[in-house]
Amino acid sequence: MATRLYTHPIFLEHITPPGHPERPDRLRAIERVLDDEAFAALDRVEAPQGDEATILYAHPADFVARVRAAIPDEGIARIDADTTASPKSWQAVITAIGAANAAVDDVFAGRADNVFVAARPPGHHAEKTTAMGFCFFNTAAIAARYAQKKHGAERVAVVDWDVHHGNGTQDIFWDDPSVLYCSTHQMPLYPGTGAKSETGAGNIVNAPLAPRTGSEVFRDAFLSRVLPALDNFAPDLIVISAGFDAHHRDPLAEINLTEDDFDWATGQLMQRAAIHGGNRLVSLLEGGYDLQGLAFSVAAHVGRLMKG
């Protein structure tokens with residue numbers, strides 16, 4: 001069964017200030033690497049616009065209204081110190097959510113075993129009532145809730161290997177044992193959360209990594225903390241918050257992974273999806289700010305997804 005890719009030109013129209021690391025060139029780099037003939041069999045589908053009502057699965061209505069009101073008619077508006085909006089940002093955000101939810105539909109309907117969503121802006125820093133860290137709404141959290149509400153999933157796991165801790169996803173699912181949140185991330189680093197002691201309702205598994213550590217420590221964190229938690233939880237669906245900023249080239253952190261590590265981690269999660277959840281796996285792009293490191297890592301990730 002084919003691996004599906006969702007993306008859309010609107011994601012290039014979410015404009016950030018000059019020099020901002022979360023920029024349209026990130027998706028252009030991904031598009032170029034996936035144009036290689038090695039990815040000819042990738043099932044490419046234009047991302048659909050999402051149902052705005054599904055945002056309420058993870059965020060309250062007054063917060064959604066505040067974010068929408070902050071979108072400017074022209075120029076660039078600042079949401080917080082790191083997060084900005086431009087006139088097409090709302091459409092980009094809604095389409096990213098639409099792509100994630102469509103990916104969930106695909107894996108439950110059997111149209112694909114797994115799906116990669118190449119969208120921006122990212123989402124894992126968005127807390128219930130706070131947009132931050134380049135993120136407006138928490139796409140992964142919305143997709144997890146969508147799987148529960150639309151497809152009756154009893155247990156959804158979100159695995160986050162972005163180098164920055166997904167404080168937003170942790171915040172949203174803190175006291176919800178029907179969702180497992182596992183994260184590997186550099187610590188100390190923005191946003192300052194993600195200690196091992198942060199366990200929520202026993203459903204939060206943090207595996208912080210010290211600066212300048214590399215493959216061996218990352219893989220050990222997976223083998224000793226993330227994978228046992230997944231096996232114990234037995235999820236109906238795995239959602240990956242797939243940030244690639246733990247790559248050694250990335251300018252925003254100090255973890256020294258290579259694309260081979262993302263290939264390996266993808267394979268490990270595919271094995272758990274096969275054992276526990278009928279192969280159902282949805283991967284959502286989060287961070288990754290060195291264009292070469294991002295492109296090579298996405299190529300390794302998607303290549304592994306396609307191998308089945």
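Ala85, leaving aside its neighbours within four places in sequence, is in contact (heavy atoms within 4.5 Å) with Ala70, Ile71, Pro72, Gly75, Ile76, Ala77, Ile79 and Phe136. The model is a predicted one, in which local features need pLDDT of at least 70, side-chain atom pairs count only at pLDDT 80 or more, and totals for chains, interfaces and linings use all residues. Residues are numbered from 1 along each chain as its sequence is written, and side-chain values use heavy atoms, with hydrogens and water left out.

- Ala85 belongs to strand E4 (residues 84-85); helices (H or I, at least four residues) and strands (E, at least two) are DSSP runs, numbered from the N terminus.
- With a relative accessible area of 0%, Ala85 is buried; buried means under 20% relative accessible area, exposed over 50%, and partly exposed in between, for a 1.4 Å probe and protein chains only.
- Pro17 and Ala85 lie 9.4 Å apart in space, C-alpha to C-alpha, and 68 residues apart in sequence.
- Thr95 is part of helix H3 (residues 89-109) and is buried, its relative accessible area being 3%.
- Apart from its neighbours within four places in sequence, Thr95 is in contact with His8, Ile10, Phe11, Ala47, Pro48, Gln49 and Gly50.

**Packing of helices H3 and H4**

- Two packed helices are described by the angle between their axes and the distance between the axes.
- The axes of H3 and H4 are 9 Å apart, and the helices pack at an angle of about 40 degrees; axes are lines fitted to C-alpha atoms, for helices over the stretch in contact, and angles run from 0 to 180 degrees between N-to-C directions.
- H3 is therefore oblique to H4; angles under 35 degrees count as roughly parallel, over 145 as roughly antiparallel, 65 to 115 as roughly perpendicular and the rest as oblique.
- H3 and H4 cross in a right-handed sense; a crossing is right-handed if the near helix is turned clockwise from the far one by less than a right angle, and left-handed if anticlockwise.
- On the H3 side the contact involves Ala96, Ile97, Ala100, Asn101, Val104, Asp105 and Phe108, which meet Thr139, Ile142, Ala143, Tyr146, Ala147, Lys150 and His151 of H4.
- By class, this contact of H3 with H4 has 9 nonpolar, 3 polar and 2 charged residues; Ala, Val, Leu, Ile, Met, Phe, Trp, Tyr, Cys and Pro count as nonpolar, Asp, Glu, Lys and Arg as charged, and the others, Gly among them, as polar.

**Packing of helices H1 and H8**

- Helix H1 (residues 25-34) and helix H8 (residues 291-307) have axes that come within 9 Å and cross at roughly 45 degrees.
- H1 and H8 are therefore oblique to each other, and their crossing is right-handed.
- Asp25, Arg26, Ala29, Ile30, Val33 and Leu34 of H1 make the contact with Leu291, Leu294, Ala295, Val298, Ala299 and Val302 of H8.
- The contact of H1 with H8 has, by class, 10 nonpolar, no polar and 2 charged residues.

**Aromatic pairs**

- There are 8 aromatic pairs in the structure; rings of Phe, Tyr and Trp (its six-membered ring) pair if their centres lie within 6.5 Å, and planes under 30 degrees apart count as stacked, over 60 as edge-to-face and the rest as tilted.
- The ring centres of Phe63 and Phe137 are 5.8 Å apart and the planes stand at 90 degrees, so this pair is edge-to-face.
- This pair links distant parts of the chain, 74 residues apart: Phe63 is in helix H2 (residues 61-69), and Phe137 is in the loop between strand E5 (114-117) and helix H4 (139-151).
- Phe63 and Phe137 are both buried, and ring pairs link Phe63, Trp90 and Phe137 into a cluster.

**Backbone features**

- Most residues other than glycine have a negative phi, and most peptide bonds are trans.
- The peptide bond from Met187 to Pro188 is cis, with omega near 5 degrees, and Pro188 is in the loop between strand E7 (179-186) and strand E8 (204-209).
- Tyr190 and Pro191 are also joined by a cis peptide bond, with omega about 5 degrees; Pro191 lies in the loop between E7 and E8.
- Arg212 has a positive phi, near 75 degrees, and is exposed, with a relative accessible area of 60%.
- Asn279 has a positive phi of about 75 degrees and counts as partly exposed, at 33% relative accessibility.
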